[in-house]
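Morning, everyone. Please look at the structure on the screen, and we'll go through it quickly.

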Amino acid sequence: MSSGRLQDLLVRRATQALTEDEREELESLLEKGTNVDETAFEFAAAALHLSALRIDEPLPASLRTAVERDAAVYFSAQPSDNGDA
Amino acid sequence: MPARTRSASTISVRFSRKRIQTTTVSESILERIAAGDQSAVAECIDRYGGLVWSAARRWSNNAADAEDATQEIFLELWKSAGRYKPSAGTEAVFITTIARRRMIDRLRASERRPRTEEFDETLMLDFTEPVADQGMVSAEAAIAARAVAQLEEGQQQILLMGVVQGMTHSEIATATGKPLGTVKTHMRRGLSRVRQLMEQGAAGGTDGGGGG
């Protein structure tokens with residue numbers, strides 16, 4: 001029975017937002033250790049979304065600059081332990 | 001400001017199994033980002049900037065909102081790059097997953113719906129066009145389109161309303177006149193079918209499929 005509920009929550013997460021209670025419920029169901037692939041529905045939804053998405057406009061230059069600036073700030077704040085790749 | 005309720009007849013998608021071509025992504029840019037290779041960041045923006053921007057535009061009410069969403073999605077992407085596993089799917093699908101999560105959260109926070117006028121156009125896409133011509137970057141997207149083509153029309157409609165338009169299950173039930181339980185069932189079965197075909201595709205057997 002919790003398996004049906006788990007599937008229901010995973011589908012909801014893939015297609016619309018979960019409430020805070022639902023999010024907690026989903027986490028607790030997943031922690032119980034099921035053999036459900038928790039990303040399956042989200043990946044399917046993403047692939048479907050992608051198939052219907054017309055990618056017809058490049059990222060505007062000013063926005064690209066902002067994204068690059070954000071990235072530089074983010075990565076400069078990360079610990080640089082380049083021990084092993 | 002856009003109308004919320006949509007009649008079922010406005011969704012008219014023609015999926016076809018023929019002439020779908022795929023373009024696969026060879027290198028894992030995300031793995032390089034996770035490993036600290038900053039040159040991969042620019043490459044990632046080059047390759048997927050259009051995807052993220054197009055998705056953000058369609059799920060935002062104005063340009064400023066779409067720009068904020070795009071910045072948030074990329075930031076989330078840098079944080080999540082280490083979770084990407086090539087065996088689970090292509091980078092394009094992984095990135096779209098991140099983008100969808102972010103946009104769904106934003107929509108929920110502001111109680112807005114995606115810009116539906118854009119989606120009328122999007123949903124009228126004719127999938128008999130080669131995927132590559134539509135700017136596709138993922139083999140899985142082509143498989144997903146093929147999977148949807150195999151579903152019955154009512155199921156296709158429900159799936160697209162939920163996944164592409166971002167309508168809630170209740171809104172879909174209202175728009176289609178179908179019981180909420182039926183909407184949920186169609187949504188789950190439809191997504192399962194898409195995933196199943198994606199897995200078959202990954203295993204090299206995308207062709208058959210058969211009805212379900």
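At what angle do the axes of helix 3 of chain A and helix 6 of chain B cross? First, the ground rules. This is a predicted model, where local features need pLDDT of at least 70, side-chain atom pairs count only at pLDDT 80 or more, and totals for chains, interfaces and linings use all residues. Residues are numbered from 1 along each chain as written, chains are lettered from A and ligands numbered from 1 in written order, and side-chain values use heavy atoms, without hydrogens and water.

Now the answer. The axes, lines fitted to C-alpha atoms over the stretch in contact, cross at roughly 90 degrees and come within 7 Å. So helix 3 of chain A is roughly perpendicular to helix 6 of chain B (65 to 115 degrees, on a scale from 0 to 180). Contact means heavy atoms within 4.5 Å. Chain A brings Ala47(A), Leu48(A), Leu50(A) and Ser51(A). Chain B brings Glu140(B), Ala141(B), Ala144(B), Ala145(B) and Val148(B).

Next, Gln16(A). It sits in the loop between helix 1 (2–15) and helix 2 (20–31) of chain A. Gln16(A) counts as buried because its relative accessibility is 9%. Beyond its neighbours within four places in sequence, Gln16(A) touches Ile104(B), Met167(B), Thr168(B) and His169(B). A polar atom of the Gln16(A) side chain lies 2.9 Å from the backbone nitrogen of His169(B).

Key:
Helices (H or I, at least four residues) and strands (E, at least two) are DSSP runs, numbered from the N terminus. Buried means under 20% relative accessible area, exposed over 50%, partly exposed in between (1.4 Å probe, protein chains only). A polar contact is a pair of N or O atoms within 3.5 Å; within protein, one must be able to donate a hydrogen and the other to accept it, and residues adjacent in sequence count only if both atoms are side-chain atoms. Angles under 35 degrees count as roughly parallel, over 145 as roughly antiparallel, 65 to 115 as roughly perpendicular and the rest as oblique.
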